[in-house]
Amino acid sequence: MEPVLEEPRKRITARVSDNVRDTLEQAAELLGATVNQFVVQTAYQEAQRIVERESVIRLSQKDARKVLALLDHPPKANKRLKDAVKAFHGAVRA
């Protein structure tokens, strides 16, 4: 069995008012955790939620069907699109 190596840890500190500290202590105690465990776990869960919310595009079924239909049957390129492609190829050198 290979030894388990812990990742290096870094410290995060925050200055908070007595009221905030008291509330964090109370919440942590109710969950049977230390304040540090509570703060890290709660912040991590919220960070994951935010990253997912900002990374995932959610479509209604109607919009998803429209996107898939456009992928299956794309419209013909109009003059603006053709001009944009020319400008892109002129600006980017491969």
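Me: Arg21 is partly exposed, at a relative accessible area of 39%. Which cut-offs sit behind the words buried, exposed and partly exposed?

Reply: Buried means under 20% relative accessible area, exposed means over 50%, and partly exposed lies in between (1.4 Å probe, protein chains only). Arg21, with its 39%, therefore falls in the middle class. Arg21 sits in helix H1, residues 18-31. Two notes on the source. This is a predicted model, numbered from 1 along each chain as its sequence is written, with local features needing pLDDT of at least 70, side-chain atom pairs pLDDT 80 or more, and totals for chains, interfaces and linings using all residues. Side-chain values use heavy atoms, with hydrogens and water left out.

Me: How many helices and strands does the protein have?

Reply: Helices (H or I, at least four residues) and strands (E, at least two) are DSSP runs, numbered from the N terminus. Here there are 4 helices and 0 strands. Along the sequence the pattern reads α-α-α-α. H2 covers residues 35-55 and holds Ala47. H3 covers residues 61-72 and holds Val67. H4 spans residues 79-91 and holds both Asp83 and Lys79.

Me: What radius of gyration does the protein have, and what would a compact globule have?

Reply: The radius is taken over C-alpha atoms, and the globule rule is 2.2 Å times the number of residues to the power 0.38. A compact globule of 94 residues would come out near 12 Å, but this protein has 25 Å. Its C-alpha atoms fill a box of roughly 65 × 40 × 35 Å along the principal axes. Check two pairs. Arg21 and Lys62 are 41 residues apart in sequence, and their C-alpha atoms are 47 Å apart. Ala47 and Ala87 are 40 residues apart in sequence, with 39 Å between their C-alpha atoms. Ala47 itself is partly exposed, at 36% relative accessible area.

Me: What share of the residues is buried?

Reply: Of the 94 residues, 3% count as buried. The protein exposes about 9,900 Å², and carbon and sulfur atoms supply 57% of that area. Accessible areas come from the Shrake-Rupley method with a 1.4 Å probe; for residues, only the protein chains shown count as cover.

Me: Which residues make the nonpolar surface patch?

Reply: Patch members have over 30% relative accessible area and no salt bridge; like charges are joined within 9 Å, nonpolar side chains (Val, Leu, Ile, Met, Phe, Trp, Tyr) within 5 Å. Ile57, Leu59, Val67, Leu68 and Leu71 make a patch of about 540 Å². Val67 has 40% relative accessibility, so Val67 counts as partly exposed.

Me: How many salt bridges does the whole structure hold?

Reply: A salt bridge is a side-chain nitrogen of Lys or Arg within 4 Å of a carboxyl oxygen of Asp or Glu. The search finds 6. One of them joins Glu52 and Arg58, with the closest N and O atoms 3.0 Å apart. Glu52 is partly exposed at 43%, whereas Arg58 is exposed at 61%.

Another joins Arg53 and Glu54, at 2.9 Å between the closest N and O atoms. Arg53 is partly exposed, at 46% relative accessibility. Glu54 is exposed at 58%.

Me: How far apart are Asp83 and Lys79 in helix H4?

Reply: They are 4 residues apart, which means a separation of about one helical turn. The pair forms a salt bridge, its closest N and O atoms lying 2.9 Å apart. Asp83 is partly exposed at 35%, and Lys79 is exposed at 61%.

Me: Where do the charges sit on average?

Reply: Lys and Arg count as positive, Asp and Glu as negative; His and the chain ends are not counted. Each charge is placed at NZ of Lys, CZ of Arg, CG of Asp or CD of Glu. The protein has 17 positive and 13 negative charges, and their mean positions are 17 Å apart.
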